[in-house]
Amino acid sequence: MRRRLTSIALLAATLMLAAPAGAQVRAPDGAPNPTASSVNEEMLFKQEPTIHGRISIPNQTAANLIQPQGREWRDFRESWMPWIGALAVLGMIVALGLFYFTRGRIRLEHSEESGRKILRFNSFERFSHWMTATCFIILSLSGLNYIFGKRLLMPLIGPEAFATLAQYGKYAHIYLAWPFMLGVLFMLVLWIKDNIPGKIDWIWLKQGGGLIGDAHPSAGRFNAGQKMVFWMVVGFGFAMGATGLMMIFPFAVTDINGMQVMQVIHSLIGVVFIAGILAHIYIGSLGMEGAYDAMGSGEVDLAWAKVHHDLWVKEQQAKTASGPQLGRS
C-alpha cells in the first residue's frame, strides 16, 4: 500500500511539473478556469514516450512511471501470442499425426548389405547434438510456460506450485541458454561444409525426398531436408541467442522499448523453431526406421545409408580400400 501511494504521489508531482509555471487560463467571460489549466494525460502520451519523474538514485530508468508502448506489448503477449503459439505448435503436431496415419513409417529396406554398419557421426558430433537438443527441449518447455503456464498449469497445480515451477523454469532458461548457444556454434563448425546447398538438393526436393512416393532420390551426407533443418537451427539459434542476451542483460544495449521488441521477436521465432524441431524429431524417430541410430550409436545400417545417402556412402567407400563396414551387428 505504501509503494502504491508513493507511485501515485510521484505521478501527481510529475503532472504538476508538466504544467507551465505561472500559467492561468481563463474562461470566455474572463473568470479563472482551474480545470482548463490541468494536464491532459492523452496529450502527454502523444508528446513523450514515457511519463517520468525525478529521482536521485543512479538507476535513472526507475524514474519511468508510465510507458505507453508497454500496453501494446502487453496486449500482444496476452492476446495474440497465445494464439500464434498454439497454431504453430499444435498445428505441427496435428500435421505430423495426419502424415503418419496416411504415409506410415518409412521402413528399413533389407538387402544383402543389411547388418553391416557404417559410422555416420563420431562421438563429439553426437555430444554436440545431444547437448544442444537437451538444452533446446528445456528452453522450449520453460519458454512455453511463460505463454501458456498460467492458462493451463496454474489451474491444475495451484498458484504456489506454479510460482515455484515458473521460478525454476526461469533459472533453467537463463543458464541453459549458454550451452545451447555453444552447441549451435559447435554444429556450425562441424557440419557447415556438408550443408552447402547444391543442384542435387533441388532434385531431392522435386522428388519429395522419399517421403512422397517410393522413390529415394540421391543425397550426400545431408539431404535437402536436413540442410534446411541445419540452417534453421543455426539462423534461429543465433537470433534467439542475440535477442535473449538483450533481455538477460537489460538496458545494456537498448531501452525498455527495445527490450519489448526483442521479447516479441524472441517469442515469435521460438514457436516457429519449436514447430520445425518437432518435424525433425518425428523424422529422426517415429517417422523413419533406422534414422535414430545415426545419433544414438553413431552407426547406421549400410543398406539404409545406401538408400538415403548413397553419394555419401560412395565417398566414404572411396576413402578406404576395405570400405566403411565395421562388422556385423
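Mentor: Aspartate 201 is buried, with a relative accessible area of 8%, where buried means under 20% relative accessible area, exposed over 50%, and partly exposed in between (1.4 Å probe, protein chains only). Before we go on, note that this is a predicted model, in which local features need pLDDT of at least 70 and side-chain atom pairs count only at pLDDT 80 or more, while totals for chains, interfaces and linings use all residues. Residues are numbered from 1 along each chain as its sequence is written, and side-chain values use heavy atoms, with hydrogens and water left out.

Trainee: Which residue meets the side chain of aspartate 201 in a salt bridge?

Mentor: A salt bridge is a side-chain nitrogen of Lys or Arg within 4 Å of a carboxyl oxygen of Asp or Glu. Here the partner of aspartate 201 is lysine 227, at 2.8 Å from N to O. The pair links distant parts of the chain, since aspartate 201 lies in helix H8 and lysine 227 in helix H9, 26 residues apart; helices (H or I, at least four residues) are DSSP runs, numbered from the N terminus. Lysine 227, at 11% relative accessibility, also counts as buried.

Trainee: How many salt bridges does a search of the whole structure find, and which residue meets arginine 221 in one of them?

Mentor: The search finds 7 salt bridges, and in one of them the side chain of arginine 221 meets that of glutamate 125, at 3.0 Å from N to O. Because arginine 221 lies in the loop between H8 and H9 and glutamate 125 in helix H4, the pair ties together parts that are 96 residues apart in sequence. Both of these residues are buried, and for arginine 221 the relative accessibility is 13%.

Trainee: Is arginine 77 buried or partly exposed, and which residues are linked with it in a network?

Mentor: Arginine 77, at 22% relative accessibility, counts as partly exposed, and its side chain meets that of glutamate 78 in a salt bridge of 2.9 Å, N to O. Glutamate 78 is likewise partly exposed, with a relative accessible area of 29%. Arg77 and Glu78 are linked with Lys150 and Arg151 in a network of salt bridges.

Trainee: Where does helix H4 bend?

Mentor: The bend at a residue is the angle between axes fitted to the seven residues ending there and the seven starting there. Helix H4, which covers residues 123-152, bends by about 60° at tyrosine 146.

Trainee: How many residues has the largest nonpolar core, and which helix gives the largest share?

Mentor: In soluble globular proteins, nonpolar side chains tend to be buried together. A nonpolar core is a set of buried Ala, Val, Leu, Ile, Met, Phe, Trp, Tyr and Cys residues joined through side-chain atoms within 4.5 Å. The largest one here has 39 residues, and those with the most contacts inside it are Ile118, Phe180, Trp191, Val233, Phe273, Trp304 and Ala305. Several helices each supply at least two residues of this core, including H3 (69-103), H4, H7 (177-191), H9 (224-248) and H10 (256-287). The largest share, 6 residues, comes from H4.
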